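Hi everyone, thanks for coming.

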Amino acid sequence: INVGSIGIKLPQHQYDYISPAYVVFSCKTDLYPEFLFLLFKTESFNTIIRENTTGSVRQNLLYDALSRMQIPLPPLNKQKELVKAYHKRVKRSEAQRLEAEDLEKEIENIICKLLGITIERTENMRGLNIFGYKEITRWSVDYILKQGSLSSLKKSIFPVIPLGQVINFLQYGISEKSNVDSIGTIVLRMNNIQNRK
């Protein structure tokens with residue numbers, strides 16, 4: 001229960017079984033089960049639950065400790081309203097998540113539009129392909145097959161230049177020389193690890 005192992009039996013679970021390792025209980029008529037379920041899933045009540053659990057690795061909430069816990073109890077109709085409002089917000093957040101995903105997909109299109117680039121999507125070519133020697137700028141099959149989409153980058157409304165003209169230098173993440181004076185931050189390289197040590 002300390003990691004959220006809390007469940008609720010809904011009508012569609014009528015003939016399902018549950019492990020005897022779990023504490024199972026039913027609610028009286030003045031407590032809406034789903035209200036209690038959502039209450040227990042909040043971080044605030046999860047903290048209270050952890051303080052009342054026993055065990056080391058698998059923590060258990062015994063029935064005696066569960067029955068002594070105190071909860072706010074609105075009228076039944078208010079409990080149902082809270083649950084309904086919760087599901088409404090979950091549905092809204094899911095719609096916003098999908099909208100955000102769609103907007104992320106549009107980012108590339110927006111950047112290309114601002115740069116005046118039209119990316120030419122090329123399908124994977126099958127069978128025998130012949131390229132002129134002068135057309136090959138890099139010895140890589142994948143690179144050569146994608147030459148069409150790469151060449152479309154040169155059709156920008158802005159000047160297209162080699163990146164090397166606007167960057168100072170290129171190096172790996174760590175290029176400092178090692179020293180034996182124990183000065184600086186210790187950095188382990190791949191060849192420092194041998195036989196998993």
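**A walk from surface to core**

Let's start with phenylalanine 158, which sits in the segment after α6, the helix covering 147–151. Keep in mind that this is a predicted model. Is this phenylalanine buried, exposed or partly exposed? Phenylalanine 158 counts as partly exposed, because its relative accessibility is 44%. It also belongs to a nonpolar surface patch of about 470 Å², together with Ile107, Ile111, Leu115 and Ile157.

Okay, now the inside. In soluble globular proteins, nonpolar side chains tend to be buried together. Here, the largest nonpolar core has 15 residues. Which of them touch the most other members? Those are Ile6, Phe35, Phe40, Ile49, Leu61, Leu66 and Met69. Three helices, α1, α2 (43–51) and α3 (63–68), supply at least two core residues each, and α1 gives the most, with six.

Let's zoom in on phenylalanine 40. If we skip neighbours within four places in sequence, phenylalanine 40 is in contact with Ile6, Phe45, Asn46, Ile49, Leu66 and Met69.

Glutamate 34 is buried, yet it has no salt bridge. So where is the nearest side chain of opposite charge? That one is lysine 80, and it is 10.0 Å away.

Key: Residues are numbered from 1 along each chain as its sequence is written. This is a predicted model: local features need pLDDT of at least 70, side-chain atom pairs count only at pLDDT 80 or more; totals for chains, interfaces and linings use all residues. Side-chain values use heavy atoms; hydrogens and water are left out. Patches are made of residues with over 30% relative accessible area and no salt bridge: like charges are joined within 9 Å, nonpolar side chains (Val, Leu, Ile, Met, Phe, Trp, Tyr) within 5 Å. Accessible areas come from the Shrake-Rupley method with a 1.4 Å probe; for residues, only the protein chains shown count as cover. A salt bridge is a side-chain nitrogen of Lys or Arg within 4 Å of a carboxyl oxygen of Asp or Glu. Helices (H or I, at least four residues) and strands (E, at least two) are DSSP runs, numbered from the N terminus. Buried means under 20% relative accessible area, exposed over 50%, partly exposed in between (1.4 Å probe, protein chains only). Lys and Arg count as positive and Asp and Glu as negative; His and the chain ends are not counted. A nonpolar core is a set of buried Ala, Val, Leu, Ile, Met, Phe, Trp, Tyr and Cys residues joined through side-chain atoms within 4.5 Å. Contact means heavy atoms within 4.5 Å.
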